[in-house]
Amino acid sequence: MALRLRRGTDAQRALITPLDGELIYTTDTKKLYVGDGTTAGGLAVDTAGAFLGTDLDLNNYNINGTGNVNVTGNITATGNITADGNMTIGGNLTIGDAATDTVNLSAKIESDIIPDVDGARSLGSPNNKFASAHVNTLTVTDQIDALSINANVIGNDSTVLLNVATGALTATGELTGTIKANDATVFYNSALKTVNASTGVFTSTVSAPTFTGTFTGDVTGSVYSDDSSAIIDGVNGTVKFDNGSMFANANVIKLKNGLTTVDFGAADDTASTGINVYSVDGAPPIDMIGLAQAGFGGAYKMAFTGLHGSMTTPTQGTAGDYLGAIQARSLDGSTGNNVPSSVVTFQIDPGTTVSADTAKGKMMFINNNGSASVPDLVATSIVADGSMAIANTISYAPLATLDVNGFAKLKPLAAEPGTPTVGMLAIADRITWDPVSVGSGNAYPVFYDGAAWIKMIA
């Protein structure tokens, strides 16, 4: 026989409270409900297997089977979730609800890791850093703060900016942060903006308010001493030097602390020090200016000091020593060499004896009458006693007060000298001056004996 249940529309069901265990069937929605004596409309029974009428309590049992679980809403689980296969999660994902929670990735990441906001997210923190990062290319748009970097740094144009093997740094632009050397000393202090190279060598461009150490290269800007006074004024282009012994400012150089000379080079130098002064407009390259003196001893002089022996252990000079010289040269345009033309020498007279407090002098005015390769030196010399040899060799000693190797020429005079003295020689032109009344004819030599002019030829 057939079992017939209580029935009605779904709207009618909602108006009654079925007894505990009573079944109700809705004729319009085709669904079955069971009463519990308290719930209006009863509880739905999923007769088609499409939904549950209430919460499902597994009572420590599992749901086993093959298929999919499709849920619209939230999944809340207490315990662990284990899934085999792939997992796709849409929407935002929050992993962990406390700083003590951890994530362990045993798998590899096969996609980019991209933050949601540019420049707002960090990897690690000051107190929780990653131990190592292994990357092929590192692109940084802001700055790198690191105790050390062991890698070549290469620019966008493939130029090696930092070579780890050689330690060479080639860079232009801005460098931010403190730089330390291998011994942990601070090479560049970013807070104080100072560079301390110590005994090392820094090759590059340095731009800093303060530089400590030895600097080799070009300097752009002003340089200040320890008392903040400007040594090099980069704005006005002036140099001011004061080391306690010498003071230089603009074109003025002064000596201090009782010093009287400026030394170029030293006695123990292994190579000579020279000074080249160029004059391109005819102005005197060296102009010595001093007060005129009434006596020779106090007049300012250009001095030559010739040392005998060695520079560091000089000894007493000897006769014949050349003490100095002034030379004139000319450029040989075919070879580019300088050809000696003339020289003025200063010598200890070879014909004298050097003794304590005595070094008698000799001067020579020498002209090169030949070439640089085959010189022909013609000298006019003045020895210690004032005797002069004209147009002779450099080793020739005059045999008279005036020793001429050649001819002497006197110009005929048209009038008697104003104040003739004994020993004076002259040539009378015989036209307007004829002191001995020779009459017409050629000019003739005369000698003044203190009272009258005497004709020297018959």
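At 12% relative accessibility, Y448 counts as buried, where buried means under 20% relative accessible area, exposed over 50% and partly exposed in between (1.4 Å probe, protein chains only). W453 is likewise buried, with a relative accessible area of 8%. The model is predicted, so local features need pLDDT of at least 70 and side-chain atom pairs count only at pLDDT 80 or more, while totals for chains, interfaces and linings use all residues. Residues are numbered from 1 along each chain as its sequence is written, and side-chain values use heavy atoms, with hydrogens and water left out.

The structure holds 3 aromatic pairs; rings of Phe, Tyr and Trp (its six-membered ring) pair if their centres lie within 6.5 Å, and planes under 30 degrees apart count as stacked, over 60 as edge-to-face and the rest as tilted. F304 and F346 form a stacked pair, at 5.4 Å centre to centre with 25° between the planes. This pair links distant parts of the chain, 42 residues apart, with F304 in the loop between β15 and β16 and F346 in strand β19 (residues 338–348). Strands (E, at least two residues) and helices (H or I, at least four) are DSSP runs, numbered from the N terminus. F304 counts as partly exposed at 33% relative accessibility, and F346 counts as partly exposed at 23%. Y448 and W453 form a tilted pair, with 5.0 Å centre to centre and 55° between the planes. W433, Y448 and W453 form one aromatic cluster.

F304 also belongs to a nonpolar surface patch, whose members include V262, F264, I275 and Y300 and which has about 980 Å² of accessible area together. Patches are made of residues with over 30% relative accessible area and no salt bridge, like charges being joined within 9 Å and nonpolar side chains (Val, Leu, Ile, Met, Phe, Trp, Tyr) within 5 Å. A salt bridge is a side-chain nitrogen of Lys or Arg within 4 Å of a carboxyl oxygen of Asp or Glu. Accessible areas come from the Shrake-Rupley method with a 1.4 Å probe; for residues, only the protein chains shown count as cover. F264 lies in the loop between β15 (252–255) and β16 (308–309) and counts as exposed at 57% relative accessibility.

An open sheet of mixed pairing is formed by 4 strands in the order β1-β2-β3-β4. β1 (6–8) and β4 (43–45) stand at the edges with a single partner strand each, so one side of each is left without a neighbour in the sheet. Strands pair if DSSP finds at least two bridges between them. β1 and β2 (residues 23–26) pair in the parallel sense over 3 bridges, and the bridge partner of G8 in β2 is T26.
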